[in-house]
Amino acid sequence: MKTLTPPKLFLQNTSCTEVRRVFFEKQESFGYGVFALRDIEQSELIEEATYFITGFVEQDDEESKNLKTFCWPVKCNCESCKKNPDAPKQLVASTGNTMLYNHNEEPNAIISMLRDQRIMKIYASKEIKKDEQIFLNYGPYYNAWTKQPH
């Protein structure tokens with residue numbers, strides 16, 4: 001029987017074991033959520049994940065509204081969009097557990113987008129205790145589309 005060798009990407013990625021700071025679990029009130037496996041210090045990196053551009057932009061159409069449930073709006077870094085602050089944001093989909101963090105007005109984590117590398121990093125904004133749920137603030141327009149008249 002032949003043994004398969006993992007691609008070099010996995011062999012060189014020592015952060016795989018280091019990033020095991022969280023687990024996800026289904027909750028009655030929020031669906032799935034992300035929780036701390038151990039105490040996490042303020043400013044500590046919780047998770048790092050790649051993202052990809054979906055090809056959709058943030059708009060008021062039905063398709064965009066549905067995608068916003070699972071995607072993050074990210075400002076484009078092109079010169080045209082830099083000059084136009086009202087330009088629609090690109091909708092990006094992330095990998096890892098990043099889709100499972102729930103929203104809270106008083107989050108215990110923040111997200112940092114590294115657009116040139118297509119990486120998002122989640123950091124603790126305050127100390128997080130073992131088994132505590134980790135929350136992000138999705139922004140002022142979170143769920144605004146659900147409050148629109150149909």
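Predicted model: local features only at pLDDT ≥ 70, side-chain atom pairs only at ≥ 80, totals over all residues.

User: Understood. How many bridges join β3 to β5, then?

Analyst: There are 4 bridges between β3 and β5, and the two strands run antiparallel.

User: Which strand does β3 join through 5 bridges?

Analyst: That is strand β8, residues 119–124; β3 covers residues 45–57, and the two run antiparallel. Here E47 stands opposite I122 in β8.

User: What is the order of the strands in the open sheet?

Analyst: The order is β4-β5-β3-β8-β7, which makes 5 strands with antiparallel pairing.

User: And which are the edge strands?

Analyst: They are β4, residues 72–74, and β7, residues 109–114, each of which pairs on one side only. From one strand to the next, the twist averages 40°.

User: Over how many bridges do β4 and β5 pair?

Analyst: They pair over 3 bridges in the antiparallel sense, with β5 spanning residues 90–94. Within this pairing, W72 stands opposite V92 in β5.

User: Changing topic: how many aromatic pairs does a search of the whole structure find?

Analyst: The search finds 1 aromatic pair. The ring centres of F23 and F35 are 5.5 Å apart and the planes lie at 20°; planes under 30 degrees apart count as stacked, so this pair is stacked.

User: Which parts does the pair tie together?

Analyst: F23 belongs to strand β1 (residues 22–27) and F35 to strand β2 (residues 31–36), so the pair links parts that are 12 residues apart in sequence.

User: Is F35 buried or exposed? And what does F23 count as?

Analyst: F35 is buried, its relative accessible area being 7%. F23 counts as partly exposed, at 21% relative accessibility. The cut-off explains the two labels, because buried means under 20% relative accessible area.

User: One last topic. How many cavities of 30 Å³ or more does the structure hold?

Analyst: It holds 1 cavity of that size. The largest cavity has a volume of about 40 Å³.

User: Which residues line the largest cavity?

Analyst: The lining consists of K75, C76, C81, N84, A87 and P88. By class, 4 of the lining residues are nonpolar, 1 is polar and 1 is charged.

Definitions and conventions: Residues numbered from 1 in each chain as written. Heavy atoms only, no water. Phe/Tyr/Trp six-rings, centres within 6.5 Å; stacked < 30°, edge-to-face > 60°. Buried < 20%, exposed > 50% of the residue type's maximum accessible area, 1.4 Å probe, protein only. Pairing = 2+ DSSP bridges. Axes fitted to C-alpha atoms, helices over the stretch in contact; angles between N-to-C directions. 1 Å grid on protein atoms, 1.4 Å probe; cavity = no way out; pocket = protein on both sides within 12 Å on 5 of 7 lines; lining within 4 Å. Points joined across faces, edges and corners; volume = space filled by probe spheres on them. Nonpolar A, V, L, I, M, F, W, Y, C, P; charged D, E, K, R; others polar.
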